[in-house]
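Have the structure open as you read.

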Amino acid sequence: MRKALLKPLSSAIAKFLKPPKPNSNSFKREYSSSSSSSSSSSSSSSFTAPLPPPEWVQPLNDLSDLISNDPKSDLKPSPWVPKILHFLQTTTTLEQDLTLFCKKYFIKLPPTFVAYILKKSDHLPNWPESAFRFFNWASNQKGYSHNLECYVFLIEILCSDSQFDRIKLVFNELQSKGFLMNSYAANSLIRSFGNGGMVEELLWVWRRMNENGVDPSLYTYNFLVNGLVSSNFIESAERVFEVMENGKVKPDVVTYNTMIKGYCNSGNLKRAVVKFHDMEVKNLEPDKITFLTLMQACYSDEDYPFCLRLYNEMRDKGVKIPPHAYSLVIGGLCKEGKSTEGYTVLENMVANGCVPNVAIYTALIDAYAKSGDLDTAMRVFERMRNERFEPDEVTYGVVVNSLCKNGRLEEAMQWFDYCKLNNVAINAVIYSSLIDGLGKAKRLEEAEELFEDMVKNGCTRDSYCYNALIDALAKNGKIDEALALFKQMEDEDCDQTVYTFTILINGLFKEHRNEEALKVWDVMIDKGITPTAACFRALSTGLCLSGKVGRACKILDELAPMGFVLETAFEDMLNVLCKAGRITEACKLADGVIDRGREIPGRVRTVMINALRKAGNADLAMKLMHSKIAIGYDRVRSVKKRVKFRNLVES
């Protein structure tokens with residue numbers, strides 16, 4: 001009789017019972033009411049029928065598609081599946097509600113059901129958290145034990161959310177189970193662990209495959225190589241690649257793309273190019289992923305000619321060129337100053353049905369402007385607007401900067417006003433360009449007003465803005481205001497760059513405030529800022545013109561132990577002295593450079609000839625050229641001595 005009762009139970013529940021509401025309190029009330037009613041009936045009746053045991057329900061009538069890559073289309077989920085999914089999506093008391101639901105309907109969820117839910121419900125909100133809780137709840141069912149697929153699907157879910165602590169817990173439990181590995185599970189685990197950079201776990205799966213006699217497929221190898229590459233284990237990936245080349249399963253385009261990606265990400269562009277050429281030897285046609293990966297690496301490595309070569313090869317082979325590839329090529333050509341070639345690529349892009357973007361137009365505008373063709377730059381800007389591409393703050397920054405550098409300040413101010421009226425974000429580049437332009441036009445009051453407006457408009461003042469105003473003040477004789485701004489820059493924690501110190505040093509020397517200039521130099525060195533050739537040139541020029549050539553040489557000697565090597569320092573000093581007509585001091589400096597072994601005598605001689613010529617002293621330049629100075633010797637008694645530069649002015 002009990003057997004007869006059990007058989008129709010599942011179908012009766014599926015047919016007649018209404019779907020439960022997601023509110024857990026309703027389950028408690030229904031369950032308590034059913035308990036109270038059963039207790040009352042037991043008190044009123046002397047005979048009670050035994051409750052049937054819970055039934056293991058299945059997710060499908062036929063379970064053959066659970067792990068299959070080609071599921072049958074006619075199989076429908078069990079009525080229990082949407083009910084369980086509803087709990088996972090809506091309830092916060094997941095474990096309690098699932099328990100009450102299963103008790104009410106006398107069901108239990110077997111591993112096949114749990115695996116099905118884990119596999120099919122990746123669209124649910126906060127799914128990694130719900131999946132982990134559901135997995136743990138299922139394991140607490142009486143007589144239940146997870147199968148391999150439950151672990152595989154949960155690890156895949158957790159890896160997608162980078163929950164590595166939970167992954168390790170689940171993986172440790174999986175290791176202890178001793179399941180036989182199959183091809184689908186191995187592929188999934190290798191892919192998951194590879195994407196998560198969990199190399200130890202990935203290699204454990206690989207060993208289990210070998211132990212269980214599972215032959216790796218091409219997909220397995222590709223997942224393994226990708227996992228090793230993603231974890232930056234390039235040498236291990238190379239060994240796997242060699243095994244593939246020498247084995248039955250040969251590398252395909254995906255394998256090569258993965259290796260090329262690994263080499264590019266590790267900065268080994270040469271090896272990536274070699275692997276690219278190997279594809280041709282193996283008669284494997286590279287696809288757009290191959291080309292795009294290499295082009296991105298070439299662009300990052302500033303190898304723009306090879307980037308262009310790859311683009312041309314894509315065109316020759318008929319490979320569809322993605323929009324990003326066009327962006328890389330145009331960007332590279334623009335950085336090399338080849339704006340016309342970049343514009344030609346833009347025309348090809350449009351002709352092939354690809355839509356350019358704001359960044360491409362901005363790069364072209366900048367390239368034309370930097371090459372001195374501002375009119376063409378503005379025509380490209382107008383074309384961009386006519387084609388309904390809305391310029392952003394970067395584009396307007398390029399336009400304003402270009403106009404200011406070309407002296408078209410009023411136009412730049414008009415575009416600045418346009419940005420304000422049309423709620424375009426005004427960045428620091430726009431402000432610094434205008435401040436610099438106004439300063440060079442000696443419109444200091446307007447420049448200072450813009451500088452103050454930056455804070456009012458919520459734009460952070462960076463070192464470029466400070467440097468622009470400091471430079472304008474220093475060049476217009478307002479060095480004290482420039483120093484005050486320098487102090488304000490420090491108070492606001494704005495980085496003081498080497499250019500900031502160069503401006504102040506140059507300005508102080510022009511005002512004959514030499515000691516203050518030297519103090520500014522010392523502050524720069526104490527801050528650990530590396531002086532550039534231009535910075536030392538400003539210092540040495542000021543010292544040389546004030547008759548302190550020895551002080552400049554001493555500072556230069558102090559820089560050497562710090563690792564600062566300024567190769568053109570002596571050349572700059574000789575040029576300054578010759579230009580100022582201080583030939584005697586220049587000759588003394590040249591002799592000192594040679595005597596201390598700082599430079600090759602022949603090079604010092606060439607530098608001195610050029611310095612005299614540039615200073616307009618052609619007679620002395622010719623005299624030096626036809627003399628033995630620095631390259632010949634005079635015999636004094638029995639000693640040979642090099643002919644000194646001072647002979648140039650003494651003879």
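## Helix 22 against helix 23

In this predicted model, helix 22 (residues 393-405) packs on helix 23 (residues 409-421) at about 160°, and their axes sit 7 Å apart. An angle over 145 degrees counts as roughly antiparallel, so that's the label for helix 22 and helix 23. The crossing of helix 22 past helix 23 is left-handed.

As for who touches whom, helix 22 brings Tyr396, Val399, Val400, Leu403 and Cys404.

## Helix 24 against helix 25

Next up are helix 24 (residues 428-440) and helix 25 (residues 444-456), which pack at an angle of about 165° with 8 Å between their axes. Helix 24 is therefore roughly antiparallel to helix 25. Helix 24 and helix 25 also make a left-handed crossing.

On the helix 24 side, the contact uses Ala428, Tyr431, Leu434, Ile435, Leu438 and Gly439. Helix 25 answers with Leu444, Glu446, Ala447, Leu450, Phe451, Asp453 and Met454. What's the class breakdown for the contact of helix 24 with helix 25? There are 10 nonpolar residues, two charged and one polar.

Key. Residues numbered from 1 in each chain as written. Predicted model: local features only at pLDDT ≥ 70, side-chain atom pairs only at ≥ 80, totals over all residues. Heavy atoms only, no water. Axes fitted to C-alpha atoms, helices over the stretch in contact; angles between N-to-C directions. Helix = DSSP H or I, 4+ residues; strand = E, 2+ residues; numbered from the N terminus. Parallel < 35°, antiparallel > 145°, perpendicular 65-115°, else oblique. Left-handed = near helix turned anticlockwise from the far one by under 90°. Contact = heavy atoms within 4.5 Å. Nonpolar A, V, L, I, M, F, W, Y, C, P; charged D, E, K, R; others polar.
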